[in-house]
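Please open the structure in a viewer and keep the sequence at hand.

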Amino acid sequence: MSKIILIPNSIEDICNLRDKVDGFIIPIKDLSINYEATFTTQEFKEIYNEIKNKDIFISLNKNMHNKDLDYLKNILKELDNYDIKGIIYYDVALINLKKEGFTKHDLVWGADHMVSNYATINFWNKEGAKYAYLASEITKNEILDIKKNTDSILMMNIFGYVPIFTSKRNLITNYLETFNKEKISNLYYMYKEGIYYPVYENDGTVAYSGYVLNGLKEYYDLDLDYYVINSFLIDDISKVLDIFNKIDKNNLEKCYQDLNKIIGNTSDGFLHKETIYKVK
Amino acid sequence: MPELLSPAGDLERLKYAILYGADAVYVGGNVLGLRANAINFTIEELKEAVKFVHEHNKKIYVTVNVVLHNKEIGLVENYLKELDSIGVDAIIASDPTIVSIALENTNLEVHLSTQQSTLNIEAVKYWKEKGVKRIVLGREVSREEIKEIIDNVDIDIECFIHGAMCAGYSGRCVLSNYFTNRDANRGGCSQICRWDFDLYDKDFNMIEAEKPFTFSSKDLSMLKYISDMIELGIKSFKVEGRMRSIYYLATVISTYRHVIDSYYNGTYKYDSKLEDVLRRVANRDSIPQFYDSNYGANTSYYNGRIEVSNQDFLGVVKEYKDGYATIEERNYFEVGYVVEFFGPELDAYTYKIEEIFDEDGNKITAANHPFQIVKIKIDKELKENDFMRIKSI
């Protein structure tokens, strides 16, 4: 049976919503990116007892620079004290550090848009990544094909805004500074042709899809090990989770429609739409 | 001496890149590369390219840097074996499946693409252990980080020195997928980062500013740091731009060739006039950026999508005989123009055009048709493939 894990926006979210989910992705401050909320290890320590019976994934998914490595090693050693399912990584440094004994935990290959084929998932599996966190830009058929051809434990985004651009640059600050405007928050929206794309800046810039991914219709067909719900900018996240908690094979379509109703701006993304790369 | 590595979008550009001083070129094959909409090389063209490059004692690398989807997995092994069999010197790859197939099934040298965004010692150590010969570092590394990597891991390091910059981490941008359904990581990038957007704050109030918001970055130019980069021990200096023109390549490659050679023959001195030469073929302002840890406001580019069409490039010398140069025209020029000739063995020669003749020897006042063949009288002996550019009108 598939499990639902949540990317939370706050400690309050974690405490309030823990009974509605099977687990959480906890991003660690200064070592993760693409999240609105990140947590210090002290904060993690404080909430760990509240969620230790859940499936906990720690996200250390930023592109690591040399200056991050000592801190990263310390965090990895510290995380050895906790019962967690896996550590989500983007940077290959994590694989090397696991080989060098800096963590006992399983790794989750979470290289965003690159987790797009079974051969490379199997490559990282042999290197120590037992899990793969699939790209959101592949189709349902590709996911099924991956599932058929790998032993890795699979997770995918099923609901929420999807990060589509990550930069080391503070692009909002750069713009506002250039034109002498004041930065009033970390959240802005860029607008094109009727669509608002959230842009979040906090030591780097992340742009998100202009819609909320709703892949619920494929819940049973894909039948993956983990489905990820991103609570970023979702005001009614509790209601969303309530819907996920009541789905069964008979009411899937209704639940899918209910989600669309309470959110409004949804899409099934690339699940049924193949990208092209050669323009004829 | 570090390698000067040039892009080449087709055979013509490859030949000019080599003639103008590149030590190696990188090209895309017609599958599994990240410039799917460039012309790219067929296997037959690659054979010719390999022959030409090796005859000049230079090297050729083929980009196989696509991020694979399932249906492409089966293409990889045969393609890599084919590249191996025709004598390609290395592949530039990013997907670990391609890397491992190359290492296990061919004799090809593997260079890890910047698409992997390799930025730290641990990641470099990992790829070295796997058998990768060279790492193209992510563009976000600073000088100090490059030095730390070179000091700590014995592996060839390649860095970009010139050309356009991605606004995001390579591989971590799929704007193109979401805006145009074109897959950025499989060669379909439609450069959404260069688009203009309206910007709104969190309460949906529009930010009114002189120019619209964009992710766009200025271009990269490392001219003033070349001696420093040589001393750091960087093995390969890479120029970006497989879709750039022969004029662009000739200008950029010959400029960096001159600077690198002058470092080794003891005549090196930073010459800001060379920045002007590079600026003449640039689409945008060009600056060093992350190398000196600068990625602040002055590295962003807010001039919209108005990119200047370059009219500097006037023609190519096809022949020089009896005091007359035969020129193939590329942009309008006329009697009275002050022009500059430059070439593989010619730094810059200034000349005022006094007479122009058509192919039949008739005197004309201007060359005004693209690829028109004309002759001009000039005492300076020029060589085939020298270029003529505008100096002043």
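The stops below begin with the contact between the chains and then turn to each chain.

This is a predicted model, in which local features need pLDDT of at least 70 and side-chain atom pairs count only at pLDDT 80 or more, while totals for chains, interfaces and linings use all residues. Residues are numbered from 1 along each chain as its sequence is written, and chains are lettered from A and ligands numbered from 1 in the order in which they are written.

**Stop 1: chains A and B together**

Select both chains. In this view, 55 residues of chain A are in contact with 56 residues of chain B; two residues are in contact if their C-beta atoms, placed from the backbone, lie within 7 Å. On the side of chain A that touches chain B, at least two residues each come from several elements, including α3 (66-79), α4 (93-99), β8 (163-167) and β9 (187-192) of chain A. Helices (H or I, at least four residues) and strands (E, at least two) are DSSP runs, numbered from the N terminus. The largest share of this side, 6 residues, is supplied by β9(A). Its classes are 28 nonpolar, 15 polar and 12 charged residues. Here Ala, Val, Leu, Ile, Met, Phe, Trp, Tyr, Cys and Pro count as nonpolar, Asp, Glu, Lys and Arg as charged, and the others, Gly among them, as polar.

**Stop 2: the domains of chain A**

Select residues 3-160 and 212-267 of chain A as domain 1, and 163-208 as domain 2. These bounds come from an automatic or database domain assignment. The centres of the two domains, taken over C-alpha atoms, are separated by 24 Å. Domain 1 of chain A brings 5 residues to the contact and domain 2 of chain A brings 6 residues.

**Stop 3: G86(A)**

Next, select G86(A), which is placed in strand β4 (residues 86-89) of chain A. Is G86(A) buried or exposed? G86(A) is buried, because 25 other C-beta atoms lie within 10 Å; the term requires 20 or more other C-beta atoms within 10 Å of the residue's own, with C-beta atoms placed from the backbone. Not counting residues up to four places away in sequence, G86(A) touches F57(A), H105(A), D106(A), L107(A), V108(A), K130(A) and Y131(A).

**Stop 4: the domains of chain B**

Move to chain B and colour domain 1 (3-299) and domain 2 (313-392) separately. Their C-alpha centres lie 33 Å apart. The contact joins 8 residues of domain 1 of chain B to 6 residues of domain 2 of chain B. On the domain 1 side, α1 (11-19) and α9 (246-264) of chain B each supply at least two residues, and the largest share, 4 residues, comes from α9(B).

**Stop 5: α9(B) with α10(B)**

To show the contact, select T251(B), V252(B), T255(B) and V259(B) in α9(B), which meet L274(B), V277(B) and L278(B) in α10(B).

Notes: Buried ≥ 20, exposed ≤ 12 C-beta atoms within 10 Å, placed from the backbone.
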